[in-house]
Amino acid sequence: MVGKSESQISIDSIPAETIIVPIIGTSPLIVHNWSVKAKRMMLEKEQGKKQVKEPKDPEAEYEAAFYRLDLGDGKNHYGFPVTAFKAATVGAARFYGKDVTMTQLRQCMFFHGIMTPADKQQLVEIVGEPRMREDMVRTGGMGRGADLRYRPEFVEWSAQLKVTYIKTAIQRSSILSLIDAGGFGAGVGEWRPEKSGEFGTYQVDTEREIKIVG
């Protein structure tokens, strides 16, 4: 005897949309990628090996601090970790009270970049002309030593953020508002607002079109 049939479960696919959001820097972006030399020195220090101070080479230090993209055209292309832009956008939840949580935002929007084997992470291309920046930094806290750092700085810069979001969880206009707020209050790079600085801020570029690509 056949029993009462159970209701069939029907699950629709997640309604997602992918957009390209143009942003423009509102303050200079300071880039500091960890060089092979810096990583080696940190490892040797943790292993208790004697540190041999090498002569400072400002140009080499500057070049090593870039995140680079190889787009196959033989030209210099610069990038920045896509995770930094997502972190700034998610962190903007703090400006909107308890109605928006960082956990919710992490689960309903995803940022895409270009994978780089050298850095083993996805990068967003940074469009702009870099220059060498020299800064004096404290090493080991106040009252300790000081050192000079040479890093790339993009005084004028722009980028395009590729974002996929779940349409039933968040509106496109909210994504744009969060990107704006993250660029204003958190920023990316060295000495950004999130770290008590004033660099690496940005906003949605209203003079360029937002594209729907998926």
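How many helices and strands does the protein have? This predicted model has 5 helices and 12 strands. Of its 214 residues, 36% count as buried.

**Overall fold and surface**
- Consider contacts between residues at least 6 apart in sequence: 71% of them join residues at least 24 apart.
- The exposed surface comes to about 13800 Å². Carbon and sulfur atoms supply 52% of that area.

**Nonpolar core**
- In soluble globular proteins, nonpolar side chains tend to be buried together.
- Here the largest nonpolar core holds 43 residues.
- Within this core, F80, F85, W157, L161 and I179 touch the most other members.
- F80 also has a list of contacts beyond four places in sequence. They are L29, V31, Y67, F85, Q122, L123, V124, I126, V188 and G189.

**Helix α3**
- Helix α3 spans residues 82–91.
- Of its 10 residues, 7 are buried, so the helix is largely enclosed by the rest of the structure.
- The buried positions in α3 are V82, A84, F85, A88, T89, V90 and G91.

**R133 in strand β8**
- R133 sits in strand β8, which covers residues 130–139.
- Is R133 buried or exposed? R133 has a relative accessible area of 15%, so it is buried; the cut-off for buried is under 20%.
- The side chains of R133 and D135 form a polar contact of 2.7 Å.
- Leaving out residues up to four places away in sequence, R133 touches I30, R149, Y150, R151, E153, W191 and F199.

Terms used:
Residues numbered from 1 in each chain as written. Predicted model: local features only at pLDDT ≥ 70, side-chain atom pairs only at ≥ 80, totals over all residues. Heavy atoms only, no water. Core = buried A, V, L, I, M, F, W, Y, C linked by side-chain atoms within 4.5 Å. Buried < 20%, exposed > 50% of the residue type's maximum accessible area, 1.4 Å probe, protein only. Contact = heavy atoms within 4.5 Å. Helix = DSSP H or I, 4+ residues; strand = E, 2+ residues; numbered from the N terminus. Polar contact = N/O pair within 3.5 Å; in protein donor to acceptor, adjacent residues only side chain to side chain. Areas by Shrake-Rupley, 256 points an atom, 1.4 Å probe, with all protein chains shown as cover.
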